Amino acid sequence: MTSPRSKVPESEKVTINLGYVDLGHVDLLVAEGFYANRTDFIRTAIRNQLALQAEAVRQVVARKMLVLGLQRFSRTDLEACQAAGETLDIRVLGLASIDDDVSAALAQATIASVTVLGAFQASAAVKAALAGRIG
């Protein structure tokens, strides 16, 4: 269930709003060569904060029983789950993806709930079929 998907992007775009003074500080640091650009500064700041909070994140991941990283579900995976009479509770911190060849009916029959902190990729039909189960 966790083999890499060739078309999955490695990042997701996030838009933020900054006050003019904060943005000015960022631009000053970029202009002085501390960072290559605004994005470099923001990524570095986020990574520093994540490093500071690493223990808290580790505890929450363990408590909520989250899969850390990428979890991919193929049609074959879900058909096997259906044949076994089982349903899945998907819990991911990172990226959860359901292959494009998974039908809405198969997803609905085999996925009881979806909790993703990060990004959830699936066809529009699968997302619609699971809409009430995505939390």
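1. K127 is partly exposed, at a relative accessible area of 34% (buried stands for under 20% relative accessible area, exposed for over 50%, and partly exposed for values in between, with a 1.4 Å probe and protein chains only). This residue has its place in helix α6, residues 124-129 (helices are DSSP runs of H or I with at least four residues, strands are runs of E with at least two, and both are numbered from the N terminus). Setting aside neighbours within four places in sequence, K127 is in contact with F120, Q121, A122 and I134 (contact means heavy atoms within 4.5 Å). Its C-alpha atom is separated by 9.6 Å from that of I98, which stands 29 residues apart from K127 along the chain.

2. Basis of the model. The structure is a predicted model, in which local features need a pLDDT of at least 70 and side-chain atom pairs count only at pLDDT 80 or more, while totals for chains, interfaces and linings use all residues. Residues are numbered from 1 along each chain as its sequence is written, and side-chain values use heavy atoms, with hydrogens and water left out.

3. Confidence. The average pLDDT of the protein is 91, and 93% of the residues score at least 70 (pLDDT is the predictor's confidence in each residue, from 0 to 100). Confidence is lowest in helix α3 (residues 54-63), with a mean of 90, and highest in helix α5 (residues 104-110), with 97. For residues 1-6 the pLDDT is below 50, and this stretch has 17 contacts in the model beyond near neighbours in sequence.

4. The largest pocket. The space in this pocket comes to about 990 Å³. A pocket is found on a 1 Å grid over the protein atoms alone, as an open set of points where a 1.4 Å probe fits, with protein on both sides within 12 Å along at least five of seven lines; lining residues have an atom within 4 Å of a point. Its volume is the space filled by probe spheres set on the points, which are joined across faces, edges and corners. Among the 25 lining residues, S11, E12, K13, V14 and I46 are the closest to the centre of the largest pocket. Two or more lining residues come from each of α2 (38-52), β1 (67-73), β2 (88-98) and β3 (111-121). Helix α2 gives the most, with six residues. By type, the lining of the largest pocket holds 13 nonpolar, seven polar and five charged residues (Ala, Val, Leu, Ile, Met, Phe, Trp, Tyr, Cys and Pro count as nonpolar, Asp, Glu, Lys and Arg as charged, and the others, Gly among them, as polar).

5. The second largest pocket. Its volume is about 170 Å³. The lining consists of I16, N17, L18, L23, V26, R38, T39 and I42, of which five are nonpolar, two polar and one charged. Helices α1 (20-31) and α2 each supply at least two residues of this lining, and α2 gives the most, with three. One of the lining residues, I42, is found in helix α2 and is partly exposed, with a relative accessible area of 28%. The C-alpha atoms of I42 and V26 are separated by 8.7 Å, although these residues are 16 residues apart along the chain.

6. Helix α4. Which residues of helix α4 (residues 75-83) are buried? They are D77, L78 and C81. Seen down the axis of α4, these buried residues fall within an arc of 90°, so they line one face of the helix (the arc is that of the directions from the helix axis to the C-beta atoms). An α-helix has 3.6 residues a turn, so residues three or four places apart point the same way. The buried residues of α4 pack against β1, β2, α5 and β3, whereas T76 and A83, on the other side of α4, are exposed. Just after this helix, G85 takes a positive phi of about 70°.

7. The loop between α3 and β1. M65 lies in this loop and has a positive phi of about 55°, although it is not a glycine. Most residues other than glycine have a negative phi. Is M65 buried or exposed? At 59% relative accessibility, M65 counts as exposed. L66, also placed in the loop between α3 and β1, is buried, with a relative accessible area of 11%. Not counting residues up to four places away in sequence, L66 touches V61, R91, V92, L93 and L117.
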